[in-house]
Amino acid sequence: GVVGFGTAPADNDDLSFRIYAGYDSQNLYVAVRVRDSSIQEDSAAADSMNGSTWEDDSIEVFVDGDNSNATRWAAGQLGGQYVITVNNAYRENEAGNPGYGATAAWFAKTSRTDNGYDAEFRISLANLGNPKPGDIIGFTVAVNDDDDGTGSDRQIAWVGAAHEPVSYGNLMLGGRSYTAPKAAAPVI
């Protein structure tokens with residue numbers, strides 16, 4: 001990962017995470033498993049919209065739907081920033097407020113684990129320009145970490161910098177893969 005701001009975590013228990021991504025014909029799915037020894041949720045009220053989500057423990061998913069690689073996020077660009085906090089406050093303002101909810105354009109939820117929390121996102125491919133198998137979209141995930149309740153101590157990103165699509169990684173929407181077992185040729 002890349003330190004967006006603040007200091008590096010002291011160890012894996014202080015902050016570490018794994019990212020999983022998949023898609024179907026309608027949606028992009030992103031799951032993030034966070035290991036964090038100090039969970040804070042004091043800035044954005046639970047289940048609230050467009051608050052100071054970056055001040056609490058939270059996940060930010062950045063998607064550049066047409067992989068335009070702009071130096072800064074531009075109005076009308078496909079995709080945006082989708083955020084969920086550990087207490088399920090969400091932020092969609094930087095994605096153009098497409099609509100949040102179980103049947104809306106995007107949805108995310110978090111749940112606590114024994115050593116941190118898990119976050120799952122569903123983002124409509126229509127919000128990302130309807131990419132197809134074989135297409136590449138700009139993509140990164142950032143984790144905000146608040147250890148002491150006084151605002152975010154650090155942000156760690158998978159790759160790149162927040163709001164700078166040119167720095168995001170590439171996520172290729174691959175087709176289904178099939179493998180066949182190796183077998184001896186038939187004898188006639």
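**Entry 1: a hairpin**

I began at the hairpin of β5 and β6, where four residues lie between the strands and Asn-88 takes a positive phi near 70°. I note that this is a predicted model, in which local features need pLDDT of at least 70, side-chain atom pairs count only at pLDDT 80 or more, and totals for chains, interfaces and linings use all residues. I number residues from 1 along each chain as its sequence is written, and side-chain values use heavy atoms, with hydrogens and water left out.

I take strands as DSSP runs of E with at least two residues, numbered from the N terminus, and I call two strands paired if DSSP finds at least two bridges between them. By that rule β5 pairs with strand β6 (residues 90-91) in the antiparallel sense over two bridges, and I found Tyr-90 in β6 to be the bridge partner of Ile-84. Strand β4 (residues 58-64) also runs antiparallel to β5, joined to it by seven bridges, with Val-61 standing opposite Tyr-82 in β5.

I then looked up the cover of strand β5 (residues 79-85), and seven of its seven residues are buried; buried means under 20% relative accessible area, exposed over 50%, and partly exposed in between, with a 1.4 Å probe and protein chains only.

**Entry 2: the four-stranded sheet**

I traced an open sheet of four strands, which follow the order β2-β3-β8-β7 with antiparallel pairing. Because β2 (16-23) and β7 (106-113) stand at the edges with a single partner strand each, one side of each is left without a neighbour in the sheet. Neighbouring strands here are turned by 10° against each other on average, direction ignored, where the axes are lines fitted to C-alpha atoms and angles run from 0 to 180 degrees between N-to-C directions. I counted eight bridges in the antiparallel pairing of β7 with strand β8 (residues 116-124), and Thr-110 stands opposite Ala-119 in β8.

**Entry 3: two residues**

I looked up Ala-31, which lies in strand β3 (residues 27-35) and is partly exposed, with a relative accessible area of 23%. Taking contact as heavy atoms within 4.5 Å, and leaving aside neighbours within four places in sequence, I found Ala-31 in contact with Arg-18, Ile-19, Tyr-20, Ala-119 and Glu-120. Ala-31 and Asp-14 are 17 residues apart in sequence, and I have them 20 Å apart in space, C-alpha to C-alpha.

I then turned to Val-143 in strand β9 (residues 136-145), which counts as buried at 0% relative accessibility. Not counting residues up to four places away in sequence, Val-143 touches several residues, among them Leu-15, Phe-17, Val-32, Val-34, Tyr-117 and Ile-156. Asp-56 is 87 residues from Val-143 along the chain, yet their C-alpha atoms are separated by 9.9 Å.

**Entry 4: the whole chain**
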